[in-house]
Amino acid sequence: MAEPHVARRRALTVAGVLLSVSVLAPYLVMLLTALKPDAELRITPPRLFPVSWRVTNFLDVVSDPEFRAWLRSSLVVASASTAIVLLAATPAAYYTARHRFPGRAAFLFLVLVTQMFAPTTLVVGLYREFFELSLVNTYTALILTNAAFNLAFAIWILRAFFASIPRELEEAAAVDGCGRVRTLCSIVLPLARPALVTATIFAFIAAWNEYIVALTLMTDPDKRPLTVGITTYVTAYVQHWNHLFAASVIAIVPVVLLFALIERHLVTGLTAGGVK
Amino acid sequence: MVYPAIVLVRTSLARYSITGRHQGWVGLGNYARLLGQEALPTVVSNTIVWVLTIVAVTLVLSLGLAQLLNARFPGRNVVRWTLIVPWAASLIVTSKLFVWIYDYYFGILNGALVGLGVLGGPVDWLGNDRTVMSAMIAVGVFVSLPFTTYVLLAGLATIPNDVHEAARVDGASPWRAYRSVTLPLLKPALLVATALNVIYVFNSFPIVWTLNDRNPGFAHDTMITYMYKIAFRSGLRDVGLAAAVGVVNVALILVAVAAYLRTVNWRDAEA
Amino acid sequence: MRTPLTLLLVFVMAFTSGACGRGGSAITVVIAEYSKDHTKPFWQGLAEQYTKQTGTKVDLRFIDWNSIDQQVSTMIQANQPPDVLNLNSFSSYAKDRLLYSADEVLSPKTKDDFIEAFARGGRYQGTLYGFPILSSARAFFYNQDLFARAGIAAPPKTWDEFLDAATKIQKLGGGAIGYALPLGPEEAQAEWSIWMWNGGGDWKSGEQWAINSDANVATLSFLSDLANRHKVTQVNPGKTNRTDGAFQLFKDGKVGMVMGFSPFAKELDAEKKVRYGVAAMPTRGSSAVTLGVEDYLMGFKKKDNQDAVKKFLDLYYQPENITKWITAEGFLPVTKSGLTQMSANEKLRPYLDALPNARLAPTTDPAWDKVKLDVQQNIGRAVQPDGKPRQVLDELQKNAVASGGR
């Protein structure tokens, strides 16, 4: 029995390594391009590795005040909109989970409908809305938009998880004299951590990667988020592919780290929340 | 989000000059004009190919990947983390990256394939009419894998171990056990993954926009880039007509997803 | 989606953020981003100077060329046009009666200083609405090292000499490309204009569109042959853009010839990788024609902004200001005073010499704004291996006539 077991594990490991390599391959090209000097970007035949390694490309990008402004913008927008999503979605999800509600079938469909409106189709209306509120070119506008786009999905994930938490736990707390809000905070939320993590990840990534709304609403170069900002490294007049990719690598790393830290919870959260 | 949607519908019912100035209401005139657009059949068929191929290929690959990542082996966590990278990278960055990789003169893909002798000479992946759609679809699949795989992983986690054991005791082959036990239990996860993917892929703007940007005309556009080009890039320059395309888009996805959910009987799956 | 909670948040955040004060009088100025290094510093300096002089604040917005059409259209759809706009077209805005005329917002001194050809290019139905902001002229760039290696003595003057030179360079092998032809969507109308005029054709004949004239069909067939029969261009010229395609290849030293302009020379000088020469366009006619391009500043009619707009424009058109910026960006003057100041610059001589013979695209016709986009999106199809030059030009002509009718 032992032999086939070991062989199986080995085969799985090999498959896993192959998978990692093929997923990472394009980003390896990105990293290596980011490390090339300008003169090596366009040579034929193309080379994967730099001849002379230019780590300073990363320093150039980090010390570019515009890049720092973009990074700050992305961090502010993604964090704040994620916070709003959680603050708004938690009570909403809890309420719908504990009260009679037309059923999750209808709710799932509503979530899907909110996802169907492509941001591309809505930019004009969004611009008009925020113009009337005098919010064009403010973080607030982007934060609210991202929060709105991601709210329904978060409620959906959280609702199902709350529904799976046995009512008896809360009733016991109520008997002990806890109020509704305290019960939510001290009993339900700790139990729902996986779902909260999942909702956080979704909202954060979606906001971190949003492009077209930011492009339209944030015309001030200093307030653009990373997605819009870094594309200016490669435009009609300048072609700094190495800087574009160095900036991209820097933009990817925090998200991957965030993921790696809480990935365990992600599967659990999706399991209970989304797809059971 | 309600207000912008109303603006979209209102815009689709009016005529605008090239500068964006309102020139009066035209009722459903923009929709009628849309039906008369020569490029429409091409764009619709591109969209169908784009959505169906990406969703189908992504689901098949993700089923395999989820199975792999659900098994226990050393280093599994690291592999799971790497799968996150295409998700964590923004679509616009990944699209630019592939423009770079596919480049005719300097791209590493041509360099590698020619170097290995697979190709006799370089291919203009994003310029050749025969390869550009496949090249874009490959990127589409690549960026859809992480989300889909994670949803399916979550689905696999809901299946109790004893179900597999029972199947094994019954002497079913692994493949049969998978088809008759695992797949049916994965149905809810597959359902969610499919519906969300159809929507995301249909609405995906950055990939086609970036990879197709130097090709003339509408030969490789999907509905969503077609809409943008009508509004701002083509000789039409017409935001009213573009808004009509936007409304039609939402209606199309709504119908497609509703039809899909109906055929797979999602209410049963929910129960 | 719009729950009371999000509404509440809108208001809370609107009042707490305070990042967007529209207090006091302010004008919105939208400027296209010509370069990362020069555009922003110049206009910020000008805005500060303006605020100091007038007390009016300036909401400056820099928008890259890729999204400026979308941005401006969105603003106008939302009924919130800027006060001052910088763009490469004006006549559609004039036609929609959105703009101030020169008499309303320019001082007589400024108005009289414009070089006549550029003032003419800014008139709609006889009135000046599009104020020239800067100009450029195309010139023919060739790689001197590749010319020497291929044994070509002088830059070609005729199309036969041109084809001969391109063939010789292509034959050098090692990835050498005879001519980099950018007919992709970015700026195809510019490349096409130059070839068209030097082939004896034009956009219009009198007041009528003449896009599919026999001369133009012959010219487009010549370009298609360069790509498909003689194979002396880069791969897929109908799908190559100018700046990130043709210019880059020339900068890499791979290309024998390309149509460039003065900012491109600036880039080449900065990189010092390619030894290049600048010459007149090869032509089929008796004298070479080049393309002149002017961009515009426009003042939008809004309540109570006329005085503020006028002061802002007057400040920009102070000779020291306009010349400072045009020089920094590497473009060419649009005013007589600027021409005098800049003619001392030897580097600019080939372009300044070409200016008198430069022709402009028919930007004064509002239909042009659509024709241009239609040409950008479609002319590349004609030089594909299975392309049909006459059919493509017939379609463009049909659409041009139709847009003129509206």
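**A helix of chain C**

Author: Helix 9 of chain C (residues 159-171) has 13 residues, which at 1.5 Å a residue should span 18 Å, and its end C-alpha atoms are 18 Å apart, in agreement. The expected span is 1.5 Å times one less than the number of residues. Helices (H or I, at least four residues) and strands (E, at least two) are DSSP runs, numbered from the N terminus. This is a predicted model, in which local features need pLDDT of at least 70 and side-chain atom pairs count only at pLDDT 80 or more, while totals for chains, interfaces and linings use all residues. Residues are numbered from 1 along each chain as its sequence is written, and chains are lettered from A and ligands numbered from 1 in the order in which they are written.

Reader: Which residues of helix 9 of chain C are buried?

Author: They are C:Phe162, C:Ala165, C:Ala166 and C:Ile169. A residue is buried if 20 or more other C-beta atoms lie within 10 Å of its own, exposed if 12 or fewer, and partly exposed in between, with C-beta atoms placed from the backbone.

Reader: Why do the buried residues line one face of the helix?

Author: Seen down the axis of helix 9 of chain C, the buried residues fall within an arc of 100°, so they line one face. The arc is that of the directions from the helix axis to the C-beta atoms. As background, an α-helix has 3.6 residues a turn, so residues three or four places apart point the same way.

Reader: What do those buried residues pack against, and what is on the face turned away?

Author: The buried residues pack against helix 8 (144-149), strand 7 (177-179), helix 11 (214-228) and strand 10 (255-261) of chain C. Contact here requires C-beta atoms, placed from the backbone, within 7 Å. The face turned away carries the exposed residues C:Asp160 and C:Lys171. Just after the helix, C:Gly173 takes a positive phi of about 75°.

Reader: Is C:Arg97 buried or exposed? And B:Arg237, buried or exposed?

Author: C:Arg97 is exposed, with 9 other C-beta atoms within 10 Å. B:Arg237 counts as buried, because 26 C-beta neighbours lie inside 10 Å.

Reader: Turning to domains, how is chain C divided?

Author: Chain C is divided into domain 1 (23-135 + 293-359) and domain 2 (137-292 + 365-405), with bounds that come from an automatic or database domain assignment. The contact between them takes 19 residues from domain 1 of chain C and 16 residues from domain 2 of chain C. On the domain 1 side, helix 4 (91-95), strand 12 (290-299), helix 17 (349-354) and strand 13 (358-360) of chain C each supply at least two residues. The C-alpha centres of the two domains lie 29 Å apart.

Reader: And how is chain B divided?

Author: Chain B has domain 1 (1-39 + 222-247) and domain 2 (42-220). Their C-alpha centres lie 32 Å apart. Their contact takes 7 residues from domain 1 of chain B and 11 residues from domain 2 of chain B. Chain B as a whole contains 13 helices and 2 strands, and 54% of its 271 residues count as buried.

Reader: How many residues of chain A are in contact with chain B?

Author: There are 60 residues of chain A in contact with 67 residues of chain B. Helix 12 of chain A gives the largest share of the chain A side, 15 residues. By class, that side has 37 nonpolar, 16 polar and 7 charged residues. Ala, Val, Leu, Ile, Met, Phe, Trp, Tyr, Cys and Pro count as nonpolar, Asp, Glu, Lys and Arg as charged, and the others, Gly among them, as polar.

Reader: What about chain B and chain C?

Author: That contact takes 21 residues from chain B and 31 residues from chain C. The chain B side divides into 8 nonpolar, 8 polar and 5 charged residues.

Terms used. Two residues are in contact if their C-beta atoms, placed from the backbone, lie within 7 Å.
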